[in-house]
Amino acid sequence: MANSARDIKKMKGREKIICLTAYDYSTAALLDDCGVHLLLVGDSLGMTMLGYSNTLPVTLDDMLHHTVAVSRAVSNALVVADMPFMSFQISDEEALRNAGRFIKEAGAGAVKIEGGALRHSTVKRLVANGIPVLGHIGLTPQSLREMGGYRVQGRVPREAEALLADAAALEDAGVFAIVLECIPPSLAADITAQVAVPTIGIGAGPQCDGQILVTHDMLGMSGKVAPRFVKRYADLDGIMRKAVADYTSEVQGGQFPAEAHCYN
Ligand code: KIV
């Protein structure tokens, strides 16, 4: 049986929650097999898979398409689908209708919604209708236009207080966990101590109950400079470039295909 949102919630204080993004079948199968607890089909796929410069153009259909593929691959992790920009903001009814599609048509176990206190009624509505919700506060990339760029949140007392209030509001609305993105570690520690649900950090220091990274970033799958909070655990970009260069030179030099690759 795959992890449920309740299983993830119960991990607070017991075991660090390991989370990564996945957007396709084969990567999701590998990450699931490695024991990752939660796989997020993040709207970051707008950049990593679709080539956009931010997450704003990602559609509900894009997200459904990738979530179905990930769900097919996974037998252990909780699959969480990110609700894209403008799929939950207009009304709670529309949010419920769209979130329902991720559960019913795409096989997700939960959805993620960006925003804090402002999302209280939306989260409450979804949870009351059997849809587990992962909150997301701090740097919320769908608010890029309003924030005027990607920057660390909660550095000044007014912002820090607002984020503590956001976390409390999300907990009250019934989220099973909260992503904290790009906030100072001390504030993340305060939020983690304040709420009874797990916090999942990304650029929020070591005191969170779990951590998440974009898989493409942590595996070094692109040559682009990653944000400071990313640790590159591999250089897949370099490995793939070398493999393609070797293939090119062997095809051109006549070494591939060899006898072993032929049907004689
Ligand atoms: O879209 C995404 O990948 C995310 C994570 C970075 C938390 O929201």
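A salt bridge is taken here as a side-chain nitrogen of Lys or Arg within 4 Å of a carboxyl oxygen of Asp or Glu, and a search of the whole structure finds seven of them. The model is predicted, so local features need pLDDT of at least 70 and side-chain atom pairs count only at pLDDT 80 or more, while totals for chains, interfaces and linings use all residues. Residues are numbered from 1 along each chain as its sequence is written, and side-chain values use heavy atoms, with hydrogens and water left out.

**Domains**

- The domain assignment, whose bounds come from an automatic or database source, divides the chain into domain 1 (5–233) and domain 2 (236–264).
- Between the C-alpha centres of domain 1 and domain 2 the distance is 39 Å.

**Salt bridges between separate elements**

- Asp82 and Lys112 meet through their side chains in a salt bridge of 2.9 Å, N to O; because Asp82 lies in strand S3 (residues 78–82) and Lys112 in strand S4 (residues 110–114), the pair ties together parts that are 30 residues apart in sequence.
- Helices (H or I, at least four residues) and strands (E, at least two) are DSSP runs, numbered from the N terminus.
- Both Asp82 and Lys112 are buried, where buried means under 20% relative accessible area, exposed means over 50%, and partly exposed lies in between (1.4 Å probe, protein chains only).
- Asp209 and Lys12 also form a salt bridge, at 2.8 Å from N to O; Asp209 sits in the loop between strand S7 (199–202) and strand S8 (210–213) and Lys12 in the loop between helix H1 (5–10) and strand S1 (17–21), so this pair ties together parts that are 197 residues apart in sequence.
- Asp209 counts as buried, with a relative accessibility of 12%.

**Helix H11**

- Within helix H11 (residues 236–253), Asp237 and Arg241 are four residues apart, about one turn of the helix, and they form a salt bridge whose closest N and O atoms are 3.1 Å apart.
- Asp237 is buried at 16% relative accessible area, whereas Arg241 is exposed at 57%.
- The 18 residues of H11 should span 26 Å at 1.5 Å a residue, and the end C-alpha atoms are 25 Å apart, which agrees; the expected span is 1.5 Å times one less than the number of residues.
- Just after H11, Gly254 has a positive phi of about 80°.

**Helix H8**

- The buried residues in H8 include Glu159, Leu163, Asp166 and Leu170, and the cover over the buried residues of H8 includes helix H6 (120–128), strand S5 (133–138), strand S6 (177–181) and helix H9 (185–194).

**Ile200 in strand S7**

- Ile200, found in strand S7, counts as buried at 1% relative accessibility.
- Not counting residues up to four places away in sequence, Ile200 touches several residues, including Ile17, Cys19, Ile178, Leu180 and Ile212, contact meaning heavy atoms within 4.5 Å.
- The C-alpha atoms of Ile200 and Ile178 are separated by 6.0 Å, although the two residues are 22 residues apart along the chain.

**Leu50 in a loop**

- Leu50 is placed in the loop between helix H3 (45–48) and helix H4 (60–73), and is partly exposed, with a relative accessible area of 36%.
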